[in-house]
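Reader: I am new to reading protein models and would like a close look at one part of this one. Please begin with the whole chain and then work down to the detail.

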Amino acid sequence: MKETDREAVATAVQRVAGMLQRPDQLDKVEQYRRREARKKASVEARLKAAIQSQLDGVRTGLSQLHNALNDVKDIQQALAAVSKDWRQSINTIESLRTVKDAVVQHSQLAAAVENLKNIFSVPEIVRETQDLIEQGALLQAHRKLMDLECSRDGLMYEQYRMDSGNTRDMTLIHGYFGSTQGLSDELAKQLWMVLQRSLVTVRRDPTLLVSVVRIIEREEKIDRRILDRKKQTGFVPPGRPKKWKEKMFAILEKTVITRIECTQADTRESDKMWLVRHLEIIRKYVLDDLIVAKNLMVQCFPPHYEIFKNLLNMYHQALSTRMQELASEDLEANEIVSLLTWVLNTYTSAEMMGNVELAPEVDVNALEPLLSPNVVSELLDTYMSTLTSNIIAWLRKALETDRKDWVKETEPEADQDGYYQTTLPAIVFQMFEQNLQVAAQISEDLKTKVLVLCLQQMNSFLSRYKDDAQLYKEEHLRNRQHPHCYVQYMVAIINNCQTFKESIVSLKRKYFKSEVEDCASLSQPNMDGILDAIAKEGCSGLLEEVFLDLEQQLNELMTKKWLLGSNAVDIICVTVEDYFNDFAKIKKPYKKGFGEDVDGHCDTIIAVAEVIKLTDPSLLYLEVSTLVSKYPDIRDDHISALLAVRGDASRDMRQTIIETLEQGPTQANPSYVPIFKDIVVPSLNVAKLLK
C-alpha cells in the first residue's frame, strides 16, 4: 500500500511540475485545483457505482444457489419415490408375459392376413409363371416371379424380425415357396440363352434383348435394396444377391471365347492353309460382331453398362488367349509368318480394328499387343532357323535342276536380247523376293534379317555353283562329245553370273534401308569375286574348246603341208565364225575379243605381220622394237617364236635383238590393255616347216 501511495505522490508531483513550468502559470493555480477536484469527484462516483453493481450480482447469485439446493432436494425425494414404485411393479411386469406373446401372435396373424391372398394363390402363380417362361413372355414371367419372391421375403422378414431363432417356421415358409427358386433358375436359363445369341437376336428381335436387360436391371435394384436392408437388420432372403448383371457379362465373355475357338474348321493334315483360313474367319467374325455391337447392341443396354467397351475387351482378351495357344503349337515357317502378320499388322489394320466403322470407339494405338514381345521373339527365331534350312534346301534343289538342264540335247533359252540363259537366277531370286515380301509384311527388322540371310546363303550357293561349273567343264573334257550343247550352256552359265550380279544389286536397292546398306554390302565384293571367277573360268573353257577343235589345223600351220597348200586356214575361219555366233550371246562385260575389241586385235595381227613380211633383215631390229613399244607385255618367247617363223634370223641375231630390247624402257600406257600376257607359245622350231 505504501508503494502505491509513493507512486501516486510521484505521479502527482510530476503532473504539478508539468503544469507549473513558467511563472505566468502560477496565476492559474486555482483554476488547476478546481479542475482536478472535478476529476476526482467523477472518479469516486464511478467507483461507487461499480462496487454497488458487484454487490447486487453477489446477492442474486446467492439467491439462485439457495433455490438450486431446494430443487436438488425435491428431485432426490422424487427419485426415491420412483425407485420404490419400480420395485413394487416388477411382479406385475412378469405377469404380463402372456400379453406380450399375444401381441406377437397378433402381429403374425396380421401379416398372414395381409398376405393371405398371395399365400393361397402361390401354386396358381407358379403355374402361370412357368407357362409365361415357356411362351417366351419373359417380362410378364419376371413380374409374377417378383410377386412370389416379394410375398416369400416379406413373410420371412416378419418371422426373422419377431423371432430370428425360429428356424422351424423359416423352413416352413421356404418350403411352401420352394418352387420360386426353380422358376428363378429357369428364367435365368432363358435370359442366358438370349444373351448367348445376342448378336443374332439384336438384328432379328432387339425388343427381346431389351426385355432381358430390363429384367437384369430389376434384379440389380432388388439386390441393392436387400443389401442396404441387410446393413440395418442383418436379414437376407434366400438366393440373394442374384448378381445377374455379373453373370450376364460372364455369359457374354464365355460366348465370345466359344465364338473364336469354333472358327477353326480345318487342321494341317486336311488343309495346308488351315491357319490362314482360321485367321481370316476370326477377322471376319470379330469385325462383324463389333460393328453390330457398336451400331445395335449399345442401344439395348443402359449407358453405364458400357457394353461396347466391355465386349471389345472380351474379344481382345479372347483373341490374345487364342493367339497364345496357336503360338505354342509346332508351327511351320509359313504358318509363323501367317500368325505374326495377322497379329502385328492385320489386327490393327483397316481390315479389322482400324476399320472406319469402329471409329472412334476403337483406338488401335490403345490396344495391348495380342502376343508378348518374348513370344514374338521366340517365333521369329524359330522362323529364321526354319527359313535358313528351307533356303539351303531350295538353293540345292534349284542347282540340281539347273545341272540337269546342262546335259539336255536342246540349246538353252535366250532372253529378249538373244543372250543364252537358264532359269536358275530367276528361280533363286523369285524365291528370295517371295520370302522378303513375306518378311516385309511382318516388320522392317525381319525383312532386313531375311535379306542378310539370303545374301549369306547366296554366297555359299555361288561357291557350289562355281564347283559345279568346274566339274561340268572337266566332265566335258573327258568326253567332248557329251553334252551336246556344252558351249551354249557354258555361255548361259557365264551370262547367269552377270544376271546374278545385277539381281543382287537390285535386291539390295529394293529392300535395304540406307542405314544398314553399308553393313550388308560387306558380302557383295566376295560374291562379285566368285561370279567373276566363274565367268572367267567359263570364258577360258570356251576358248580352250575352240583351240581343242582347231588343234589339228593349228598344228598344220607353219608346216610343209601348209606351205604346199592346205585348207587349214579355211577350217579355222569357219570354226571360229561358228563359235563366234555362240560367243556373241555372252553378255557384257564378259564378252571380250568380240564387237568393240575386234578392230584393236586386228591391228595387233597387222603389226605382227609386218615383222614377218619384212624383206630386209637389217631392219628387223627396228621393226621388232616398234612392235615391243606398242605391246609392252610381249615376252621374250613371243619374239623368239616370231623370229623363228621368219626363218632368216640366226640364233645370234635373235639373242642380240632380245638382249637389246630388254635394256630399253618398258613403261606401258596407263590405258593399255594387255594382249600377249595370256598367249601361250608352243614349242616351235624351223624343223617343223620341213615336215
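Predicted model: local features only at pLDDT ≥ 70, side-chain atom pairs only at ≥ 80, totals over all residues.

Author: Of the 691 residues in the chain, 37% are buried. The chain has 27 helices and zero strands. Among contacts with a separation of 6 or more, 73% are between residues 24 or more positions apart.

Now the part you asked about. Helix α17 covers residues 444–478 and helix α18 covers residues 486–511; their axes come within 12 Å and cross at roughly 170°. An angle over 145 degrees counts as roughly antiparallel, so α17 is roughly antiparallel to α18. From α17, the contact takes in Lys-447, Leu-451, Leu-455, Met-458, Phe-461, Leu-462, Tyr-465, Ala-469, Tyr-472, Lys-473 and His-476. From α18, the residues are Tyr-486, Tyr-489, Met-490, Ile-493, Asn-496, Phe-500, Ile-504, Leu-507, Lys-508 and Tyr-511. Sorted by type, the residues of this contact are 16 nonpolar, two polar and three charged. The loop between α17 and α18 holds Pro-483. The peptide bond that leads from His-482 to Pro-483 is cis, with omega near -5°.

Another pair of helices can be read in the same way. Helix α15 (residues 373–406) and helix α16 (residues 424–442) have axes that come within 9 Å and cross at roughly 165°. These two helices are therefore roughly antiparallel to each other, and α15 passes α16 in a right-handed crossing. On the α15 side, the residues that meet α16 include Leu-380, Tyr-383, Trp-394 and Asp-402. On the α16 side, Leu-424, Met-431, Asn-435 and Ile-442 are among them. The contact of α15 with α16 has 15 nonpolar residues, one polar and one charged.

Thr-341, in α14 (residues 333–346), touches Ile-442, Gln-441 and Thr-346, leaving aside residues up to four places away in sequence. The relative accessible area of Thr-341 is 13%; buried means under 20%, so Thr-341 counts as buried. The loop between α14 and α15 contains Pro-360, and a cis peptide bond with omega of about -5° joins Ala-359 to Pro-360.

Two loops elsewhere show a backbone detail. Lys-243 lies in the loop between α10 and α11. Its phi is positive, about 55°, although Lys-243 is not a glycine. Glu-306, in the loop between α12 and α13, likewise has a positive phi, near 45°. Lys-243 is partly exposed at 43% relative accessibility, and Glu-306 is partly exposed with a relative accessible area of 43%.

One last residue shows a contact across the sequence. Gln-181 sits in helix α8 (residues 178–196) and is partly exposed at 33% relative accessibility. Gln-181 and Pro-238 are 57 residues apart in sequence, and their C-alpha atoms are 8.6 Å apart in space. Apart from residues up to four places away in sequence, Gln-181 touches Pro-238 and Gly-239.

How values were computed
Residues numbered from 1 in each chain as written. Heavy atoms only, no water. Helix = DSSP H or I, 4+ residues; strand = E, 2+ residues; numbered from the N terminus. Buried < 20%, exposed > 50% of the residue type's maximum accessible area, 1.4 Å probe, protein only. Contact = heavy atoms within 4.5 Å. Axes fitted to C-alpha atoms, helices over the stretch in contact; angles between N-to-C directions. Parallel < 35°, antiparallel > 145°, perpendicular 65-115°, else oblique. Nonpolar A, V, L, I, M, F, W, Y, C, P; charged D, E, K, R; others polar. Left-handed = near helix turned anticlockwise from the far one by under 90°.
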